[in-house]
Amino acid sequence: LASVSTDKDAFEVGDIGNEIVFTREKMMFRMKKLPGDFMGVNTVIKSIVPACSAVISAEEMLKCLELKRISAGAQTVNLVLSKDAILLKCDGEHGDVQTEAAAIVSKGTPSAGFYYNVDKLCKLFQVVSGRVKLELDVKGLLLIKSRSEVYFQVPQRAKNKRQPQISDNAA
């Protein structure tokens, strides 16, 4: 819903049995309610203590994340908050691609940074707009905060680069 509307759009909301319906002018959006208990996301988010943070425009971050399209086969992106920039690096089948974007960094990450799923971050930054704040805890748990939304990403292990195989016949 956030990707097809702006903050100024007004929706009427209705609860119809096992669905929630959002309507405005010539559009209707419905969501199915899922039965059961769910994790208290607010509790998880509030438990994250930021150790590093940076502010950047979502559009600039998306532009930098699109480097994964150049780096064929990249599944993860290494994110490092440095002095005045966010560094992003992907290891692809045809080599490494690295880019950086100017940002307001209050405290940087360790030099090794943290790894995240590049496709999930691209999808997230396609929906978010304006200035966003990235907050990371010491384990790399990432909060991405816009004016009215908070997104949560879990770090991944770094993908090991393939080592060249040595033939038994090599002398």
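Phenylalanine 22 is buried in this predicted model, with a relative accessible area of 16%. Its ring pairs with that of phenylalanine 29, and the two centres are 6.3 Å apart.

**The aromatic pair**

- The count of aromatic pairs comes to one.

- β1 pairs with strand β2 (residues 19-24) in the antiparallel sense, and five bridges link them.
- Within that pairing, isoleucine 16 stands opposite glutamate 19 of β2.
- Two residues separate the strands of this hairpin, and glycine 17 in the turn has a positive phi of about 60°.
- Glutamate 25 sits in the loop between β2 and β3 (27-32).
- Glutamate 25 also has a positive phi, near 20°, although it is a residue other than glycine.
- The relative accessible area of glutamate 25 is 83%, which makes it exposed.

- Strand β10 (residues 131-136) pairs with strand β11 (residues 142-145) in the antiparallel sense over four bridges.
- Glutamate 135 stands opposite leucine 143 in β11.
- The β10–β11 hairpin has five residues between its strands, and glycine 140 in the turn shows a positive phi of about 95°.
- β11 is then joined by four bridges to strand β12 (residues 150-153), and these two strands run antiparallel.
- Here leucine 142 stands opposite glutamine 153 in β12.
- β11 and β12 form a hairpin as well, with four residues between them.

- Leucine 79 belongs to strand β5 (residues 76-81) and is buried, with a relative accessible area of 0%.
- Ten residues of sequence lie between the positions of leucine 79 and lysine 89, and their C-alpha atoms are 6.9 Å apart.
- Valine 77 is another β5 residue, and it counts as buried at 1% relative accessibility.
- Valine 77 and phenylalanine 114 are 37 residues apart in sequence, with a C-alpha to C-alpha distance of 8.2 Å.
- Serine 82 lies in the loop between β5 and β6 (85-92), and it is partly exposed at 25% relative accessibility.
- Serine 82 and valine 105 are 23 residues apart in sequence and 7.1 Å apart in space, C-alpha to C-alpha.

**Cysteines**

- The whole structure contains zero disulfides.
- The closest cysteine sulfur to that of cysteine 90 is in cysteine 122, at 8.1 Å, which is too far for a bond.
- A disulfide needs its two sulfur atoms within 2.5 Å, so the 8.1 Å between cysteine 90 and cysteine 122 rules out that pair.
- Cysteine 90 counts as buried at 0% relative accessibility, and cysteine 52 is likewise buried at 7%.

**The second largest pocket**

- The second largest pocket holds about 310 Å³ of space.
- There are 15 residues in the lining of this pocket, and those closest to its centre are Asp7, Ser129, Arg147, Ser148 and Glu149.
- Sorted by class, the lining has four nonpolar, six polar and five charged residues.

Conventions. Residues are numbered from 1 along each chain as its sequence is written. This is a predicted model: local features need pLDDT of at least 70, side-chain atom pairs count only at pLDDT 80 or more; totals for chains, interfaces and linings use all residues. Side-chain values use heavy atoms; hydrogens and water are left out. On a 1 Å grid over the protein atoms alone, a cavity is a set of points where a 1.4 Å probe fits but cannot get out, and a pocket is an open set with protein on both sides within 12 Å along at least five of seven lines; lining residues have an atom within 4 Å of a point. Grid points are joined across faces, edges and corners, and a volume is the space filled by probe spheres set on the points. Ala, Val, Leu, Ile, Met, Phe, Trp, Tyr, Cys and Pro count as nonpolar, Asp, Glu, Lys and Arg as charged, and the others, Gly among them, as polar. Two strands pair if DSSP finds at least two bridges between them. Rings of Phe, Tyr and Trp (its six-membered ring) pair if their centres lie within 6.5 Å; planes under 30 degrees apart count as stacked, over 60 as edge-to-face and the rest as tilted. Buried means under 20% relative accessible area, exposed over 50%, partly exposed in between (1.4 Å probe, protein chains only).
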